[in-house]
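Open the model in your viewer and keep the selection tool ready. The stops below follow one another.

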Amino acid sequence: MRLTERTQVQQQFLPLWSLMASHSDTLVVFFGATAGANGGKLGSDEREIILLVWQIVDLHEKKVGKLHKCYVKPDSLELTDQCKEETGLTVEDIIKAEPLDKVLQQFQQSVSSEVKSLGRSSFTLLVNSPLVIRQVLHPEASKKNLVLPECFFSFVDLRKEFHKCCPNAGPVQKQTLASMLEYVGLPAASEQLIRVKEVRSMVQLTLCILAEPYSHKFSCVETVNYKFDSGACCKTEPVDSETVIRARGLPWQSSDQDIARFFKGLNIAKGGVALCLNAQGRRNGEALVRFINSEHRDLALERHKHHMGCRYIEVYKATGEEFLKIAGGTSNEVAQFLSKENQVIIRMRGLPFTATSQEVLSFLGPESPVTDGAEGLLFVKYPDGRPTGDAFVLFSCEEYVQNALKKHKQILGKRYIELFRSTAAEVQQVLNRYMSTPLISTLPASPIVPVPVLATQPFLPAATSTRDCVRLRGLPYTAGIEDILEFMGEHTVDIKPHGVHMVLNQQGRPSGDAFIQMKSADRAFMVAQKCHKKTMKDRYVEVFQCSTEEMSIVLMGGTLNRSGLSPPPCKLPCLSPPTAYAAFPTPPAILSEAALYQSPLLAAPRPPQTTVASPAHTLAYYPPQPHLYMNMNMNYTAYYPSPPVSPSTVGYFAAPPGAVAAAVAAQPHPAAASSVLPQPGALVRMQGLPYNTGVKDILSFFQGYQYAPDEYSGVGLAASCSQTPLSSCITSVANAAQVHLVLCH
C-alpha cells in the first residue's frame, strides 16, 4: 500500500481508533532506546532507535504478560559511550538485528496475538514520557518514509496518569520512576539492566495504582496527528507566544507539509505553518510554526539543528505577534478563497499582466482541473487594482498538483511561468505585502496645505543642544522606516512628526545609521536605555542619545563618536538622489533636482520668513498628524519621512529660475523684491561647471552684474549678488549657458 493511500485509510479510521484506545482492555508498557542520548534527552541528538522492550498488562485481571525485547539495526552502526553504559548493548548485539520496519511489524503481530490469546480486543501503549513516541519513532519513520502501525498514534503517559491519581506528589515534569515508586511506598526493581529495569518498574507502578486504594482508570489518551491541516488565520485570533517557534535554514522550495513532516510526532495547530518571504516576495528559508500547546513547542525546540535532507534546521522561540504578522489576514476575498477544506494550493509567479482566468485554466490544462474553475483562482493585485503577476490556485488532490507542477517554466503568452507549492499563510502574507505597498495615489488628501515656495516649513527645528534625539547605529542595510518603528515598539508614540531620518552614504544608499527625534529628552533617554543593543533582523543595533545639533553635523558629513564631534570634511560628498521617495509628492516642474540636493553649507537653516508669493507656485506639505500614529494600517512613509540628504536642507527648497522670475515679476515695483528675498545679498549655486573652472572664470561668467568676488566658500565656489535683482541674473545667465543657477537661502 502506498504512503498516501495508507494515510487516507488512517485518517478515515482515526476517530474509531481513538475511541478504542480510550476503552482499551490491555496496556502495553513500552520502552525504547537509541544509539545516542537516552533518558530526558532521548531523541534530541537525532540518533536512531536500537532497542524496543515491552510487556502487556491486563486491566481486568490485573495480570502481566511476558517481557519482550527486540534489537533494531540502525543505518549507522555507531553507539555512544553513554548508550553502551545505560543499555549494556554493543555493536555485536545489533549488527545481526532486523531494520526498523520489520521490527515494527513483528511488534504489531506479537502484541496482537498475545492480546487475542488473553481474550481481549484492544490495547494502548503506556510510556513513561512521550519522547520515545514523539521524538524518536515518528521522526525516524518520517525520514525513512515508513508508515507506523496505528497503535503508535495514541498512547498513555504514565507520569500524567500518576499525577491525576496522586496530585500531591509534585509537578509532572519533575516526576521520575524512582520518585513515583517512593511516593507509593514501592521498592525499585532489582534488575541490573536499565532496559529491563525501566519496564519492570513501570509495570509495578501500574499495578499499584490500579489496585486499592487508588483504583485508577487510565483515560487520558494522547494522540499524534496523522496529517497537518492547512487553514487560514485571522489577525484578531489570539496566539499564545509559548506555542510558536521560528525555523531557519529551510530549503527554499519547502512547503508547509515538508515542515510538518520535519516536526512529525508533534501536533501543529491548524494552519500553523507560515512561510516567511523576503522583500522581493520570495521565500527566505524561514518559517513560523504554531503548535497546539507549550509542551509540543518545547519538544520542537529540542530538534534544533536536526536535518531536513542534507540541511540542518535551526529552531528558536518566537512570539504570537510575529506569527500573526506573517500568517494573519483580514481580507474577505482571501478568507473566502481559503474557506474550501482539504485543498492543495499552488502559487503561480510571472504571469502576464493581461492574463485572464480562462487563459490560466487553459495553461494548466484538463489534466490538472482547478477547484470550482475560475473561483479557484486568486489573482494578486496592487491597491490600485494593477496585477502583480502572481496568482494562487486551488486543487482538490495531490495528483492534480503533480500534473500542474509539470508546467513549471512553461510559456504563457511571452513569459515563462513559475509554479510552487504554497500555503494558506503564504497567501495571506503575499496579499498583505502587496496591499500595503506605499503608492502616492494612496496618500491621504485632507492634510495637504499650500505653502509658499520660499517659505516651505522645515521638517526639523533649528539645531539645539537639547538631547531629545537618538541615533541608531548598525541597522541592516535593508531596514526601512517600518522596521525602525517595529524596533522601537511602544516608544513609537513618542516620535515627533516627520522625526525619522535615514543617513545615506556617498552613493545615496542606506549607511546603517538613522536619527530619531523624540518629544523630549526624557523620552530619548528612555529609548536609549531600553533599545540599546536590541536585535533587528539578526543584527544588534546601538542606540545613543544625542542632540539636534549633533544630528545635523553628522548628516552634513561630520562624525559623532566617543571622542566627540568632528566637523564635516572640506570636500562635500557626492550624493546621488534616492530612487524613490513617496513622502515628498512634489512634481518635477516645481522642484528641480538641483533644489533637492543643495550643498548643506550653502543652505544654513534659518527661521522661515513670512512672504507673499504667487499661488501658482506652491508646494504640498503634509503637516504633523500625531493622532494618526496609532493607526497600524497607515502609510508609514507619509508620516515618518526621512530627508533625501540631511535635515538641514529639506525645509529649504529653493525655487527654480522660472518660479523666482514669476515671483519677482508679480511685485508692483522693483523695491517690492525685498518682500521675496529675505536679505539684500543672496547666494547662487551653479551646477554643471567644468572641472577646471576657477574663480576668475566664475567672475567672468557674471560680467555685467554686481557681485562680491571675495565672498566664496572654501568648500565650494559660490557667487554673491548684492544689489542687482537676482531674478534677472538667474534668467539671463542661465539662458546663455548650460549651467544650473539655483537661489539658495
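Buried means under 20% relative accessible area, exposed over 50%, and partly exposed in between, using a 1.4 Å probe and protein chains only. This is a predicted model, in which local features need pLDDT of at least 70 and side-chain atom pairs count only at pLDDT 80 or more, while totals for chains, interfaces and linings use all residues. Residues are numbered from 1 along each chain as its sequence is written, and side-chain values use heavy atoms, with hydrogens and water left out.

Select T90. Helices (H or I, at least four residues) and strands (E, at least two) are DSSP runs numbered from the N terminus, and T90 sits in the loop between α3 (81-87) and α4 (91-94). T90 is partly exposed because its relative accessible area is 33%.

Next, select N145, in the loop between α6 (131-143) and β6 (154-157). Its phi is positive, near 60 degrees, although N145 is a residue other than glycine. N145 has 47% relative accessibility, so it counts as partly exposed.

Now show α7 and α9 together. Which residues meet here? L158, F162 and C165 in α7 meet M202, L205, T206 and I209 in α9, where contact means heavy atoms within 4.5 Å. The residues of this contact divide into six nonpolar, one polar and no charged (Ala, Val, Leu, Ile, Met, Phe, Trp, Tyr, Cys and Pro count as nonpolar, Asp, Glu, Lys and Arg as charged, and the others, Gly among them, as polar).

Finish in the loop between α9 and β7 (221-223), at P213. The peptide bond from E212 to P213 is cis, with omega near 5 degrees.
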